[in-house]
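Morning, everyone. Please have a look at the screen.

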Amino acid sequence: MWTDGACKGNPGIGGWGAWMRFGDHEKELCGGEAHTTNNKMELTAVIEGLKALNQHCAVTLHVDSTYVMQGVQTWMKGWKRNGWQTRDKKPVKNQELWQELDAQVARHDVSWVWVKGHAGDPGNERADALANKGVEMARAGR
């Protein structure tokens with residue numbers, strides 16, 4: 001699975017995309033919001049991609065967001081231990097999305113792979129195109 005988020009202005013109109021491939025099977029997902037942030041769209045892309053899996057799966061998840069990677073692999077454990085507060089005792093930004101991501105990750109065996117965005121990775125380029133399609137959908141009110 002490859003996921004990506006996009007935002008035209010930050011905050012601004014945004015979109016998310018996920019491309020999944022298993023053998024000969026492929027699935028594309030995308031959507032958008034009229035007023036959002038890039039980080040929210042990055043999180044939403046991963047959440048929606050994992051939600052689309054109907055059963056427990058082993059997933060190799062490619063993201064270009066260090067925010068998502070660090071959040072899942074480093075920060076989330078502390079946030080949960082501290083009642084969803086940062087080290088500075090401030091509420092975690094996008095808490096509801098992080099909690100939903102935590103729930104979706106728990107349903108699967110996820111291996112995380114960071115890829116450099118806009119660097120020619122075919123899956124990342126496809127997810128980016130889907131995220132931009134989500135932006136256009138949001139612009140059109142869909």
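Arg81 counts as exposed, because its relative accessibility is 63% and the cut-off for exposed is over 50%. Keep in mind that this is a predicted model. Where does Arg81 sit? Arg81 belongs to helix α2, which covers residues 66–81. Arg81 and Asp109 lie 28 residues apart in sequence. In space, their C-alpha atoms are 22 Å apart.

Next, the strands. Strand β1 covers residues 2–9. How many of its 8 residues are buried? The count is 6, so β1 is largely enclosed by the rest of the structure. Its partner is strand β2, residues 12–22. The two strands run antiparallel, and 8 bridges join them. Together, β1 and β2 make a hairpin, with 2 residues between them. Look at Gly9: opposite it stands Gly12 in β2.

Now the cysteines. Cys7 is buried, because its relative accessible area is 18% and buried means under 20%. A disulfide is a covalent bond between the sulfur atoms of two cysteines. How many disulfides does the structure hold? The number is 0. For a disulfide, the two sulfur atoms would have to be within 2.5 Å.

That's my tour. Over to you.

Technical notes:
Residues are numbered from 1 along each chain as its sequence is written. This is a predicted model: local features need pLDDT of at least 70, side-chain atom pairs count only at pLDDT 80 or more; totals for chains, interfaces and linings use all residues. Side-chain values use heavy atoms; hydrogens and water are left out. Helices (H or I, at least four residues) and strands (E, at least two) are DSSP runs, numbered from the N terminus. Buried means under 20% relative accessible area, exposed over 50%, partly exposed in between (1.4 Å probe, protein chains only). Two strands pair if DSSP finds at least two bridges between them.
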